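Trainee: Before I use the labels attached to this model, I would like to see what each one rests on.
Mentor: Then ask about them one at a time.

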Amino acid sequence: MLFLKKSPKNSFELSMIKDLVQAVQEETLAPIVSSYNERIRPLLDCIDRLRNLKVMQEGIQLPTIVVVGDQSSGKSSVLESLAGISLPRGQGICTRVPLIMRLQSHPSPKPEVSLEFNGRVVPTDEDHIAQAISVATDEIAGRSKGISNVPLTLIVKKNGVPDLTMVDLPGITRVPVHGQPEDIYEQISAIIMEYIKPEESIILNVLSATVDFSTCESIRMSQKVDKMGERTLAVVTKADKSPEGLLEKVTADDVNIELGYVCVRNRIGDESYEEARAVEATLFETHPLLSKIHKSMVGIPVLAQKLVQIQATIISKCLPDIVRKINDKLTASVAELNKLPQQLHSVPEAVTAFMRIISSAKESLRKIFIRGEFDEYPDEKEMHCTARLAEMLSDYYGDLQFISIKVEQKQKFLEEEISILEEAKGISLPNFLHRTAFLTSLQKMVKAISATPAGFVNKFWEYLQGVLVSVLMKHSDNYPQLQSSISRAAQSLVSKKREQSVDWVLQIIEMEKLTDYTCNPEYAATWHDLMRSQDRFMIIMNDCTKSTTLEIDGIGEVEVGHLRNHLVVAQQAFDLKMRMTAYWKIVLRRLVDSMALHLLFSIQNLVNKDMETEMVNELMGTHRGALERMLEESPSIAGKRYRLNASIKLLRESKEIVAEIMDKIAAYAD
């Protein structure tokens, strides 16, 4: 009969709850009075106490009967008949705030009535309920005709009322009247949707018999969240005003009301509630049209009985799931609270916390800088530092090669070498390759690429600074008051390391200019391979009938016709060129290899030694007050700690309430 989200089959407790509900449903219920017996009443008390604790603010939905209806649909009259009390009436919206009605059957002949709102309990009596509700509503929503989402709770303990808890919402109106905001419809719709959207909510849709059900705004809203009507019950008011065709309306069910219809007659004038029920019973027994409607679909007592049964069923289905959600939410909140930084009360505690930040940050940096592990940043490629460094070094080598090629392309083949040899000649034996010529050529090549290593170093340390600051910010996230000092220290450290690297690069460049040396056998082998083309080169130089192009392995095709005017030095120039080509390959690789080793060594020193020293000097030296600032918890962390503590307190109280009910259920089962 009732569709709800399935709860986990929890067991023993769920079984016991179902047994109790079944016992209630098997009783012969007297109209209005006999709804829950003393064994089932605690379940509803449990839900009401959880609602009072505002456990729904924790995302835990409670089973709720939500009363909705268009303005003037007779919603207030239905609730008055169920509760046996008078509610505010008048033109326009009577209910301007969610009214939580807690009806409790009470053996005493004297009713007990009270209102709860804004943290206060205000006692009242039957004669002044409507006035008290109006005063409380004005206090919550203001004296104008506006509405509010802040609930007002009405507790009615009275002999003869059904044990029910319902939430009465403002009636739906599309056209604002004087004093109402222009968006009154949107405001009411938002409140209604908030209450009826959860699957734990049962929608009591109040419809007037005088209108076409399919045109009712309340039907349209309920169908948005309950398309098949599996958790919607309709109560049709004013049956006596429009009996024609009512039977067809409630039996055809054109608007999908799965839980059924109950037709009622509104109380008129000064009728007492007992008189109104008697008139209603006579009406549905004797009226020529209304008497044809089945007895299970007419009268306030039937409505009360259905609501009681629905409420029993929904609680039995939802309570085990509520228990699970409370436990899950409590566990999650405690875990989240434990993740917050420890509240610090002294400078030694602040020092310990600071060193813990440095230690954890160092381990993360070792992972991403040294060991090439990136499990902490699986999707952030910029944090995969060993891979990015390898790419940067590859690009660096490519840049060096590109610049070298551009330098060679500026002049014709061997022109530069011939010029150098002409200037390096002296009073000496001919056909000797002067070392001065080779060094001059080498120095020109080194000068051409000298800016590239320094540029690469700056680029690398800029990248490393971004990674370093990001890691440190992540590990100091709980202490935002420290982050400016930590960031400043990181930037200062990287600046120092950058200067060291630039100085080292300048030294390397000067070393390469200073002399020509390598023990790498590849130099001699490459030079030997290149020199194999010298004989063909000289043949072309001496024979004007030959082609003026020459293919040299490792260099490619070159134009040599312009060299026939320099036969005296052409052979030496060719030798110089081949020696420089072979040696320059060694130089470029040496620049890249030494750069890689230097940077890896610098990174290791930064992570293992320099960073901690710099951070300690920054926070405990120049800016000593930074540690004292750690004792002042940031507003965001303090606010989060307060919210979590409040949540944990609420959830623990909720858990105790549910445990108490479960103990009672177990006792009844025994």
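Trainee: Why is T452 called buried?
Mentor: Buried means under 20% relative accessible area, exposed over 50%, and partly exposed in between, with a 1.4 Å probe and protein chains only. T452 has a relative accessible area of 15%, so T452 is buried. This is a predicted model, in which local features need pLDDT of at least 70 and side-chain atom pairs count only at pLDDT 80 or more, while totals for chains, interfaces and linings use all residues. Residues are numbered from 1 along each chain as its sequence is written, and side-chain values use heavy atoms, with hydrogens and water left out.

Trainee: What does T452 touch, not counting residues up to four places away in sequence?
Mentor: T452 touches Y396, D399, L400 and I403, where contact means heavy atoms within 4.5 Å.

Trainee: Which helix does T452 lie in?
Mentor: T452 lies in α14, residues 451–475. Helices (H or I, at least four residues) and strands (E, at least two) are DSSP runs, numbered from the N terminus.

Trainee: What makes α14 roughly antiparallel to α15?
Mentor: The axes of α14 and α15 (residues 480–514) come within 9 Å and cross at roughly 160°. That crossing makes α14 roughly antiparallel to α15, because angles under 35 degrees count as roughly parallel, over 145 as roughly antiparallel, 65 to 115 as roughly perpendicular and the rest as oblique. Axes are lines fitted to C-alpha atoms, for helices over the stretch in contact, and angles run from 0 to 180 degrees between N-to-C directions.

Trainee: Which residues make the contact?
Mentor: Among them are V457, W461 and L468 of α14, and I486, V494 and V505 of α15. By class, this contact has 15 nonpolar, six polar and three charged residues. Ala, Val, Leu, Ile, Met, Phe, Trp, Tyr, Cys and Pro count as nonpolar, Asp, Glu, Lys and Arg as charged, and the others, Gly among them, as polar.

Trainee: Is E274 buried or exposed?
Mentor: E274 has a relative accessible area of 53%, so E274 is exposed. E274 lies in helix α8, residues 273–286. The C-alpha atoms of E274 and G84 are separated by 8.9 Å, although the two residues are 190 apart along the chain.

Trainee: Why does N118 count as partly exposed?
Mentor: Because N118 is at 46% relative accessibility. N118 sits in the loop between β3 and β4, and its phi is near 50°, a positive value in a residue other than glycine. Most residues other than glycine have a negative phi.

Trainee: And why does N256 count as partly exposed?
Mentor: N256 is at 32% relative accessibility, and so it counts as partly exposed. N256 has a positive phi of about 60° although it is not a glycine, and it lies in the loop between α7 (246–252) and β9.

Trainee: How do you know that β3 pairs with β5?
Mentor: Two strands pair if DSSP finds at least two bridges between them. Five bridges join β3 (residues 112–117) to β5 (residues 152–158), and these strands run antiparallel. One of the partners in β5 is I155, bridged to S114.

Trainee: What makes β4 and β9 the edge strands?
Mentor: The open sheet has nine strands in the order β4-β3-β5-β2-β6-β1-β7-β8-β9, with mixed pairing. β4 (120–124) and β9 (261–263) each pair on one side only.
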